[in-house]
Structures are given as structure tokens and as C-alpha cells.
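Student: I'm new to this structure and would like a close look at one part of it. Could you pick out a charged residue and walk me through its surroundings, then the bonds and bridges elsewhere?

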Amino acid sequence: RFDTNLQYFTNLGYNSGKHSVKFGYEYRRTTVNQFYDLGYRGRLKFLSVEDFLAGNITNGGSQFAGDSQRTTHQNNSGFYLQDSFRMSRKLTLNAGLRWDYFGVIYEDGNRFSLFNTTTQTLQLVGQPGGPSSLYPRDLNNFAPRFSAAYDMFGAGKTVLRAGWGLYYDAFSQDFFIGHFPFNTFNPGPAYNGVGASAINSAGGVASTIVAGVPIFTGFNPTTDAWTVAPKIRTPYIQNYNVNIEQALGKGMALTVGYVGSAGTKLFRFRDINQHDPATGTFPFAAFNIINQFESTSSSRYNSLQVTWKLRNWRGLNSQFSWTWSHSIDNASDLEDFIPNASQPNNSLAPQLERGNSNFDARHRLNWMFGYTLPNSTMARSITNGWSLNGLLRISSGQPYNLNSFANYNNTNEFFERPDVIGNPFTGTGGASRLLNLSAFAAPCDWSPITNFCVPGSQHFGNLRRNAFIGPDFRNFDFSLAKDTKINERLNMQFRADVFNLFNHANFSNPTLPNFLVN
């Protein structure tokens, strides 16, 4: 992959009386040249070493073929105007407006394609009979912002600040040429099985390797596809905050504030060809997976933030910060780097995914200090120049999902959340037993005769998204340093850094494959 970026920008400033005005323009063109030969060498599966040595392909395989070279480009433009107005000695106001146009992304060979739900076919973008563009232009990206700072008593010791701003996200070319979801190997609408450069997959795999005989045969365009919602729009987020800062003596200050945000029309994807769990049928029978990229998710963030600062008090500098927050959304990413970060458990009801964000952490505490020891008049080269520094970080754990890498719910997605039938925390303990797995069951009625689900009993599991919280994080770093002046031009520092001084073990959330259970 090669990325080429061309940028032009100009900014102007104008000061007049109490006003300080800035305005400017930016143009950016990005071109991406890449190929995506995923699975082109072929993949074979053997049940045993004996089968491998005998050349018996006992567990199938796969191979892809076709021209995967793609060249995409995008043109973006942005204008802004901002004014900082010092209304009085106590009050300063800021107001601004930005407008962004994130240009529609094009592929030089017109190899983007979209799924037409009426004709139930893939149509090449920019070709006769097909859509004219990958998605519609959005010219409504106006982003105002306002803020104010007020010296409440005129002495510079108590300052009230508040602000609100609206900010737009951008359409990235990765959204259409670089996806890697759990339910398909198709990376985006530039690689659908249509047109002269369609990506093909092998329909047959030989049972035994024989010299001179092809292993993979019957190559046909893939039946997995990507498409883009016809009414997709540019996502935006509103950021807002209010805080008060109070001086406490000469070198100390305390700030207490509320910080929040609200995301609207955020990017996500879902499978519009998901199986009906009760019948196992596709809405569009000629296709398998059809992931649709859309702007239908939302988020909310609220937090209380406290910061205490101490500066140059008898050689001590220190800062303490504590944040209590809660982040809620129904999609924490536009990509499924872990299951359900973007794609819902039930693509027919994505609103049911509302829950804790993947990155939600209720408490975050940071304390840092630097202390310069007093100098001595005796043995200065040994006793002077010493300092101590430390950094303490404590954070609550973050949420994680529990998924089954199976098709018990009959949706054809092969990552699903189970039913909860007991207490997930009974008999647990330690980093290796976060959950009691016997408290979960396949989302269906189980047949001991077939050792699988009873047909017609499949359903979506009742475990909600991000229901569990992983281990917290604790770390204290410490350093001891001594500065020695050799002469006017030469200084020497002795330094010892100890990371994680108390050797506290920090564990991550369960990662692949440990968030997938049977």
C-alpha cells in the first residue's frame, strides 16, 4: 500500500481593539494505491500429522484469486473563522465556525460496487446502469463552537470556564478498502464479486494431493459482499464542558469540572443478509454475508474531573488528577477488532447493543511528583543535586464481551453471545478465572441426542453487550537522579529509573481466542 497526500492551506489573523480574528482554508487530496491478495496462496486443513504426511486434505481449505489492485482518491476542503473577544477585564468570549467537505471517495477503475436491494444484485459504481457515486455528497457539515472564560472576582484567583463545540468525523478510504471483520474475508465494497476485477474463491478442494492435479477448482465470484447505506451521513460529536479553577495560595490551584460529549450518526456496519434464527433463511438468497457500512450508532460520555496542582513549593512540584466517567454507546468502533465492537449481535435490532463502551473506565487516577532535595554546604559534589520523581496510575477495568465462535443461534455470523443461566461470578477468582463458564448456555434448546440445537429453538442470547468488567490497572514508577556540574560547559547526570516499583501484576482483558468459548 502506498499513500500520497497533497495539502494546501492558508491562515490569516487580524487584531482590532478587543477582537482577535483568525480565518483560513485547507485543501487535501489523498490517493491510496494498494493490492489485497489475502488468501491467494491457499489454505489447507489436516486433522492429523498422518493425514498431512499422506496428503489427505481431511478438513477442507480455501483459496482466493483475481485482480486485487485498487487505486482510490479523495478531495477534502475546509474553511474556518474564529474570533476571540475580550469583552471586559473579567470576561473573554470565543466563537468560531468551521465548514468541512469530505469528498466522495472514487476508485480509478470504477471497481467500487453496491448492493441494490430492489434488484438484489451488485452494481458497479460509475458504470452504465449503476449508481453514480459510492455515497451521496454531504455539504451540511457546519461546525459552530463557543467558549467563555470569566474571572469571577477580578483578582485572577477564581476563574469560571465553559465551552461547547460541534466536530465532524471524516470518511476514511480504509472504510471501503481495508475492513477486516469477523464474519467475512471481504475487505470492502472495492472487492465484491462483480466486474472484470471480481475476487473469486475456490468452489472445490481436492481430497488428496496428487502431483500435477490442481488442488483448488471451480473459482467463482465470492458471495460475500460489502455495501454502503444510501442515506449515510457525516458523523459528528458535540463536546461540552464547564469548570471552575481556584488558586489556593501562591503555588497551588484546584480545578473541578464537568466534561461530556454526545456522538451522533457514528459509523458502524451490520449484516443486512443475516439469517432468520427461526428458519435459517437469507433475505437475499443469492448471497451469503452482506455487510452494510452506515452511520446509525450513537454515544454519550459524562465525567467529573478534579485536578490539583502544586508548583515549586520548597522544591516540590506535584499534580493529582481524578476522573469519574461513564461512556455508553451501541458501537465502540467502526471495525470489529474484537466481536461486537461495531457489528451487532442482532443486525435486525442494532439498538439493543446499547451498553458500556469498550473503552469505558469509571475511575482514573494519576499522581505525579518531583522533589528536589535541599542542597548542603558540606561535600557538595556528593550531597547536592539529588531529586526524586514518581508517577502513580490507577484505573478501573474496561468492559469485555463473551462470545461463542459457533452458529448455535442460526444467524450465520459465527460469533454470538450466549444465554445466562446462572451466576457468572460463582467460584471465580484470580486472573485466570474471571467468569464461571457453567453459568452460560448455547442460545437454543439443546438436544442430547444430536448434541446440537433443536431446530426452530434458536434465538439471540440474553447476555447483553460488554456486560463484564476486566481487571483494573495499577502502576507506580519511581526515579532517583543526581545532577553534577563538572565545569561551565559540562554537566553529568546519574539516574536510576524503576518502572512498576512494587512489581504489581496487571492483566489485560481476555483477548483472542479467550473471549470465544464453547
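Tutor: Here is a walk around one aspartate, followed by the disulfide and some salt bridges. This is a predicted model, in which local features need pLDDT of at least 70 and side-chain atom pairs count only at pLDDT 80 or more, while totals for chains, interfaces and linings use all residues. Residues are numbered from 1 along each chain as its sequence is written, and side-chain values use heavy atoms, with hydrogens and water left out.

Let's start with aspartate 151, which sits in strand β11, residues 142-151 (strands are DSSP runs of E of at least two residues and helices runs of H or I of at least four, numbered from the N terminus). Aspartate 151 is buried and yet has no salt bridge. Buried means under 20% relative accessible area, exposed over 50%, and partly exposed in between, with a 1.4 Å probe and protein chains only. A salt bridge is a side-chain nitrogen of Lys or Arg within 4 Å of a carboxyl oxygen of Asp or Glu. For aspartate 151, the nearest side chain of opposite charge is arginine 89, 5.4 Å away (Lys and Arg count as positive, Asp and Glu as negative; His and the chain ends are not counted).

What does aspartate 151 have around it, then? Leaving aside neighbours within four places in sequence, aspartate 151 is in contact (heavy atoms within 4.5 Å) with Lys90, Gly156, Lys157 and Thr158. A polar atom of the aspartate 151 side chain lies 2.9 Å from the backbone nitrogen of glycine 156.

Now for the cysteines. The structure has one disulfide, meaning a pair of cysteine sulfur atoms within 2.5 Å. Cysteine 444 and cysteine 453 form it, with their sulfur atoms 2.1 Å apart. The torsion about their S-S bond is about -65°, so this disulfide is left-handed. Cysteine 444 counts as buried because its relative accessibility is 10%, and cysteine 453 counts as buried because its value is 5%.

Finally, the whole structure holds 15 salt bridges. One of them joins arginine 1 and aspartate 174 (2.5 Å, N to O). That pair links distant parts of the chain, 173 residues apart: arginine 1 lies in the segment before β1 (2-16), and aspartate 174 in helix α2, residues 174-177. Arginine 1 also meets aspartate 3 in a salt bridge (2.8 Å, N to O). Arginine 1 is partly exposed at 48% relative accessibility. Elsewhere, Glu26, Arg28, Arg98 and Asp100 are linked in a network of salt bridges.

Technical notes:
Polar contact = N/O pair within 3.5 Å; in protein donor to acceptor, adjacent residues only side chain to side chain.
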